[in-house]
Amino acid sequence: MITKNNKKTIRSWAFFDWANSAYNLVITSTIFPAYYTIITTTKEHGDKVQFFGRTYINTSLSNYALSFAYLIMAFALPMLSSIADRRGNKKSFMKFFTYMGGLACIGLYFFKLDTLEMSIILFALAAMGYIGGVLFSNSYLPEIATEEHQDRVSAQGFSYGYIGSVILQLICFLFVLKPAWFGINDASFPPRLSFLLVGVWWIGFSQIPFKILPNGTPQNDKVKTNIFKDGFSELTKVWGQLKQINKLKGFLFSFFFYSMGVQTIMLAAAGFAEKTLKLGTAKLIAVILIIQLVAIPGAMLMSFLAKKIGNVNVLIMVVLVWIGCCVYGYYITTEYQFYSLAAIVGLIMGGIQSLSRSTYSKYLPVDTKDSTSFFSFYDVTEKLAIVIGLFSFAYIEDLTGNIRYSIIALASFFIVGLIFLVLLRKIERKESLKL
């Protein structure tokens with residue numbers, strides 16, 4: 001049994017964000033996208049690459065690979081999470097996905113143009129490891145904190161993630177910008193070393209939550225039955241509960257649409273900047289570092305505002321800002337415009353992620369034993385949103401040959417999400433009047 005609001009438990013849980021956020025920063029946001037774009041752009045073929053006999057635009061290929069990874073996990077995680085709830089072994093699943101993701105990052109040390117196919121597969125496996133680990137980590141939130149503390153604890157997790165990832169990014173930054181200090185002559189070595197360090201960092205710091213967090217509580221008489229039967233049975237039960245909670249349904253609809261925009265921007269921004277503005281690795285890393293540092297007070301600010309005016313009202317404000325960012329992003333032509341956009345995105349990025357997680361947690365039935373299964377619906381909603389967002393982003397670029405059209409298209413996702421948030425606010429007001 002977990003004692004809620006225990007500082008040691010909460011800190012150990014937050015260190016999982018510290019560990020895996022290094023992947024999110026180095027692999028999805030900075031060094032990998034820049035390195036990938038540079039080595040896959042050649043004089044002979046431009047930005048076209050061959051992947052198992054088919055020709056793709058380089059940035060489209062990486063976005064397709066990510067969307068494929070998210071699609072697989074969207075189908076797998078509901079089953080795995082319901083099994084974890086039944087068997088009480090969600091920490092074992094956390095470990096599996098962490099080791100898979102970390103080892104895949106270590107394998108990216110060997111990424112060069114002639115290993116493109118294998119490297120793209122490892123890139124997808126790393127994403128799957130990150131996705132799986134985050135789901136099982138998120139499911140601990142309602143178990144380690146009471147409702148009134150969940151906004152703060154969620155923000156603490158994201159803050160740990162930003163700080164930890166920035167520290168590792170700075171270490172990698174030294175190798176990338178000052179290779180001569182370390183006697184490095186191979187230009188590809190610093191980024192490849194960064195990928196290896198991410199894997200070591202991810203696996204290493206995950207040992208802290210692995211040591212402190214409990215495995216979970218098995219559901220007694222159901223433990224020894226068939227795992228697949230367990231999974232479907234548990235999933236069906238939770239789905240039945242979820243359908244009866246109007247606020248939970250309303251939130252998932254809004255979260256689905258605005259996540260298409262948020263997550264796609266986070267995953268595709270670096271490729272956009274490198275392709276359209278030619279920032280180069282050094283400037284791109286500096287920009288992302290600014291975003292990470294601004295995101296820490298951003299997450300805390302959203303938590304503070306949520307106490308004053310309510311979670312849904314804050315989410316509505318933030319989504320409006322995201323719509324403005326999409327429109328602004330379509331028109332930017334200079335690096336300084338990109339810097340200003342990055343600062344705004346950083347401020348709202350951490351806030352919307354942190355507040356979304358804690359808002360969903362607050363809507364769950366009190367003291368439910370199915371927290372992992374409930375959070376699997378949250379996670380699948382996000383992952384399907386990413387699949388559609390990334391696929392749309394890549395397809396529009398393929399269709400038009402202009403990545404800017406992909407950026408402006410994301411605004412439509414935010415607009416639909418905004419509509420559902422307004423409807424959710426009405427549901428909350430109706431339910432409060434009944435009370």
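I began with the total, and this predicted model holds 42 aromatic pairs.

I then picked out tryptophan 18 and tyrosine 160. Their ring centres are 6.5 Å apart and the planes meet at 70°, so I noted the pair as edge-to-face. Where do the two residues lie? I found tryptophan 18 in helix α1 (residues 7-29) and tyrosine 160 in helix α7 (residues 150-177), so this pair ties together parts that are 142 residues apart in sequence. I also checked tryptophan 18 for burial: its relative accessibility is 13%, and since buried means under 20%, tryptophan 18 counts as buried.

My next entry is tyrosine 64 with phenylalanine 391. This aromatic pair is tilted, with 5.6 Å from centre to centre and 50° between the planes. Tyrosine 64 belongs to helix α3 (residues 58-87) and phenylalanine 391 to helix α14 (residues 371-400), so here the pair ties together parts that are 327 residues apart in sequence. Buried or exposed, I wondered, is tyrosine 64? Tyrosine 64 is buried, at a relative accessible area of 18%, whereas phenylalanine 391 has 43% relative accessibility and counts as partly exposed.

I also wrote down a cluster: ring pairs link Phe32, Tyr35, Tyr36, Phe111, Phe123 and Phe195.

Last, I looked for charges over rings. Lysine 90 has its charged end over the ring of tyrosine 140, 4.3 Å from the centre of that ring. I noted arginine 192 as well, which lies over the face of tyrosine 109 at 4.9 Å from the ring centre.

Notes. Residues numbered from 1 in each chain as written. Predicted model: local features only at pLDDT ≥ 70, side-chain atom pairs only at ≥ 80, totals over all residues. Heavy atoms only, no water. Phe/Tyr/Trp six-rings, centres within 6.5 Å; stacked < 30°, edge-to-face > 60°. Helix = DSSP H or I, 4+ residues; strand = E, 2+ residues; numbered from the N terminus. Buried < 20%, exposed > 50% of the residue type's maximum accessible area, 1.4 Å probe, protein only. Lys NZ or Arg CZ within 6 Å of the ring centre and 35° of its normal.
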